[in-house]
Amino acid sequence: MTVAPARSRKLHLRSPWRVAMADMEVVERDLGDFVEDDDVDLDDAGWDDADDGGDAAPDAWETTPGAPRIIKTIKLVLYRVVILTGRMPRHPDNRQQQQPSLEAIPVAKTTTNPEPSSSSSSSHPRKRPHDGGDASSAWAKGTGYGDRHSKDFDVNETIRTKKAFSDELAGELGTLCDQVELCPPASFAFIANLLTESNIVVAVTTILDVDSMLEAEMYYSALLAALRLCTILSSRDEMNLIGYLEPPSGLSIYGALAGLKQKAEDAHLLIQSTSSSQADDGNGIVENILAAAHATLDVCPVDAQRDGSTLKAETPAQATAAPTASYLLDDEAAAQYETFMEAQRFQLVDDFPQHLFKDSKEAKEAPSAPVVRRLAHELATLRRSLPVNQESCVLVRSSQMDMRFARVLIFPASGTPYSNGAFVFDVFFPNAYPMKPPRMLLRTTGGGTVRFNPNLYNCGKVCLSLLGTWEGRAAERWSAASSFLQVVVSVQALIFIPKPYFNEPGFEESQGSRQGEQASNEYNRNLYPSTIRWAMTDALANPYAEFADAVRAHFYLKRGIVKRQVAEWPSVPARIVKALVEQLDRLTEPAW
């Protein structure tokens, strides 16, 4: 059977008793054998045992056209969900299907997705494969991301497309909720079988398993409909598929909803903890998630899993460059390091006594309600999304007095002239955020004496198209759909790179040439002493209070690696190395 998705006739069957026969003829014409693959046996469906079907239903279910129409409507909706999520109905014995993804939804014409993942590599993807072999496809300097093809990307059209998808899926899930609510208890097992043999569990899990509260807002209408369906299913024992594990991902609705609940709770705590009188949840997304989660999870214990595989979903590995073996911690130390840093990812602090944006005119204005709400949703995600591993970490602190003020610490990756250094940035979010980008300045400048990168000035300026400090292409600039996570990952992955020399506009043309590589090596040799002096020795001697524990733990666990690393760096004066080694030798084991 072939159904053309282009003929997407959205049906709002809010009451099966008011469906015109012409509508059903269209349904049967569109779906062909799907709705006519077998006759509906009301005995099997359980309608013969029902005493009544509610106020709106006839007394004798088995003799009315309403009952089979409900089943056909449910089948129709399940099929429409398949079309929307790009997956056909599966055979009961063929469950190993591809799980749909929100990112697989058709979007505006583009060949490049400009948003780096939260798990972006710390190594710099300098060039993309291309046909001509010329250097024009190198990353735009400044630095942006994307390549020469990304100019066609229209972020506003992408947002509209995703929201349109959300609204259409919400309509189908809403119809499904309406039909399921009309079903008598005796039919629950039959309906549950229809649901499990469709991809509805996968579709609902995909909607609930968002990466952040920002993504939850993007798909808000579909999310609300999915939460309603969860509440309905969990209240009907024989249809309670909340714990059903769907292969191959091994993620259940229960697991996805529990994760979403945690994100909402984090956002709620941030909103409540801020000192701003303007703090609120705006559209009520947090409250809606928490209400549905409590109503659903409380009646579905985690061990109430039904059928399916118990495969554990694996987290995609970060695409980092293979480090030198001698620069890796042993397994036990690596586990200790990553566990400690995961707890350090994001924290609220009372305030920043000294912040580079504290005296700015806009900082003296009271924070607006929209910016506080947006930041609460974004920062709640950082608790689990910031990249942390033994190779490179990004840590963030936010002011509890005013969430518009933040501070970032980045430990760049091995293989770079910044490896294992501690680089600190101050960040301010204007009241126009997210319509305007955040402002960001580097604090680690050796008192204004060192320019660590073509994109990091000694005055602290961070040159990045996403921040509006470099022109870049349209696809590389800030938009209301951009996020703070995107900014810090861009700095980590696109600025702290192995060969920063080529970040200088025009210099990328010489990458790969003998002259260019020699110039790049000389550039790095000039950076090594500054990294040791200011991002290591001074960072240990004068750590910022909010990062003091993280900095000391970082250098304590990696002290052996750091000593080997700086000993191998060429052209570093012995006195600079000696000063660092003395600091490392004075370190004592932190209180884990």
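This is a predicted model: local features need pLDDT of at least 70, side-chain atom pairs count only at pLDDT 80 or more; totals for chains, interfaces and linings use all residues.
Among the contacts in the protein with a separation of 6 or more, 75% are accounted for by residues 24 or more positions apart.

Five strands form an open sheet in the order E3-E4-E5-E6-E7, and their pairing is mixed. At its edges are strand E3, residues 346-349, and strand E7, residues 439-442, each of which pairs on one side only. On average, and with direction ignored, neighbouring strands of this sheet are turned by 25° against each other. Helix H12, made of residues 331-344, packs on the sheet, where it touches E3, E4 and E5, and the direction of H12 makes about 25° with that of E4.

With strand E4, residues 393-399, it pairs in the antiparallel sense over 6 bridges, and a hairpin of 5 residues joins E4 to E5. Two positions along this pairing can be picked out in the structure: Arg 397 stands opposite Arg 407 in E5, and the bridge partner of Leu 395 is Leu 409, also in E5.

Which way do the residues of E5 point, and are they buried or exposed? In a regular strand the side chains alternate between the two faces of the sheet. In E5, Phe 405, Arg 407, Leu 409 and Phe 411 point one way, while Ala 406, Val 408 and Ile 410 point the other way, and all of them are buried. The strand is thus described as mostly covered, with 7 of its 7 residues buried.

Two packed helices are described by the angle between their axes and the distance between the axes. For helix H7, residues 200-208, and helix H9, residues 220-234, the axes come within 9 Å and cross at roughly 125°; H7 and H9 are therefore oblique to each other. The crossing in which H7 passes H9 is left-handed. On the side of H7 the contact is made by Ile 200, Val 204, Ile 207 and Leu 208, and on the side of H9 by Ala 222, Leu 223, Ala 226, Leu 227, Leu 229 and Cys 230. These residues divide into 10 nonpolar, no polar and no charged. H7 is itself mostly covered, since 9 of its 9 residues are buried, and the buried residues of H7 include Thr 205 and Thr 206.

Is Glu 517 buried or exposed? Its relative accessibility is 18%, and because the cut-off for buried is under 20%, Glu 517 counts as buried. When its neighbours within four places in sequence are left aside, Glu 517 is in contact with Lys 499, Phe 502, Gln 511 and Gly 512.

Methods. Residues are numbered from 1 along each chain as its sequence is written. Side-chain values use heavy atoms; hydrogens and water are left out. Two strands pair if DSSP finds at least two bridges between them. Helices (H or I, at least four residues) and strands (E, at least two) are DSSP runs, numbered from the N terminus. Axes are lines fitted to C-alpha atoms, for helices over the stretch in contact, and angles run from 0 to 180 degrees between N-to-C directions. Contact means heavy atoms within 4.5 Å. Angles under 35 degrees count as roughly parallel, over 145 as roughly antiparallel, 65 to 115 as roughly perpendicular and the rest as oblique. A crossing is left-handed if the near helix is turned anticlockwise from the far one by less than a right angle, and right-handed if clockwise. Ala, Val, Leu, Ile, Met, Phe, Trp, Tyr, Cys and Pro count as nonpolar, Asp, Glu, Lys and Arg as charged, and the others, Gly among them, as polar. Buried means under 20% relative accessible area, exposed over 50%, partly exposed in between (1.4 Å probe, protein chains only).
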